[in-house]
Amino acid sequence: PHSRLSLQHIFAVLIGTAALLLLLNATYLTSLSPVGDLDVDLDGIVSARDIRRHAAATSPPHTSIAACDPHAAGTIRQRAAPPFNPIANASSVIRVGETVRLTVLTARTLRIEQRRNPRERFDERSSFAIVNRYLPVPSHKATLSSDCQLLSAHRCLVLTTAQLRLELSAPANATAAQITRGAAGLVADWPAPRLSSATLRVRLALDGDRSSEWHPGLPNPDQLPGTVRTL
């Protein structure tokens with residue numbers, strides 16, 4: 001009987017403690033949410049009630065808006081309004097021939113694609129690393145040059161930003177007049193080479209005078225292979 005009484009006492013204390021914690025949590029969450037301004041979920045995530053309507057009326061396309069309350073200590077829920085767009089701004093795209101597409105995502109980040117033939121489509125899906133490609137267009141310049149610094153080529157397409165230089169080999173008879181801008185971005189209207197270490201190289205500026213070079217097929221033994229799910 002004494003043991004049974006002790007267990008009942010302990011159980012009653014645990015129930016009372018749990019009820020008190022729930023009451024304190026509800027009081028705390030209520031204090032985070034002024035009436036009519038914020039909605040508070042049971043897990044303490046705070047989000048603005050009118051964030052989607054406000055974002056649609058005031059935000060540029062494909063941007064992300066986060067609701068912030070200066071009095072809230074909970075996690076802020078991020079709302080996309082409208083959803084992230086995996087298709088890049090046309091002003092950041094350079095097409096070479098019918099098979100190569102270069103996209104300037106940031107001053108340090110390029111997307112380099114080559115399809116096997118013009119009948120294939122470029123993959124517009126979000127990647128695990130880059131969800132949204134509709135970003136502010138970084139300052140960049142694409143020109144045809146005979147001063148190829150990274151390639152052993154007579155002529156090359158040179159794409160530069162504030163922090164990198166890309167060279168893609170071009171035919172000997174390519175001319176600057178073949179580079180035009182259309183609705184889909186910049187177009188270099190000559191046959192694109194097969195991407196390899198002999199036809200494509202990129203130099204990225206690092207701190208100080210240091211730089212790093214990349215080309216297709218360059219080994220990277222220090223890079224983690226990633227998870228099977230995202231291969």
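Predicted model: local features only at pLDDT ≥ 70, side-chain atom pairs only at ≥ 80, totals over all residues.
**Entry 1: S145**
I started with S145 and found it in strand β8, which runs over residues 141-145. Is S145 buried or exposed? I get 17% relative accessibility, and since buried means under 20%, S145 counts as buried. Next I listed what S145 touches beyond four places in sequence: H154, R155, C156 and V158. The side chain of S145 has a polar atom 2.8 Å from the backbone nitrogen of D147.

**Entry 2: the disulfide**
C156 made me look for sulfur pairs. How many disulfides does the model have? I count 1 disulfide. It joins C148 and C156, with 2.4 Å between the sulfur atoms. I read a torsion of about -125° about the S-S bond, so this disulfide is left-handed. Both partners turned out to be buried: C148 has 14% relative accessibility, and C156 has a relative accessible area of 0%.

**Entry 3: the core**
I then turned to the largest nonpolar core, which has 23 residues. Among the residues with the most contacts inside it are I94, V96, L157, L168 and W190. Strand β8 supplies at least two residues of this core, and so does each of β5, β6, β9, β10, β12 and β13.

Definitions and conventions. Residues numbered from 1 in each chain as written. Heavy atoms only, no water. Helix = DSSP H or I, 4+ residues; strand = E, 2+ residues; numbered from the N terminus. Buried < 20%, exposed > 50% of the residue type's maximum accessible area, 1.4 Å probe, protein only. Contact = heavy atoms within 4.5 Å. Polar contact = N/O pair within 3.5 Å; in protein donor to acceptor, adjacent residues only side chain to side chain. Core = buried A, V, L, I, M, F, W, Y, C linked by side-chain atoms within 4.5 Å. Disulfide = S-S within 2.5 Å.
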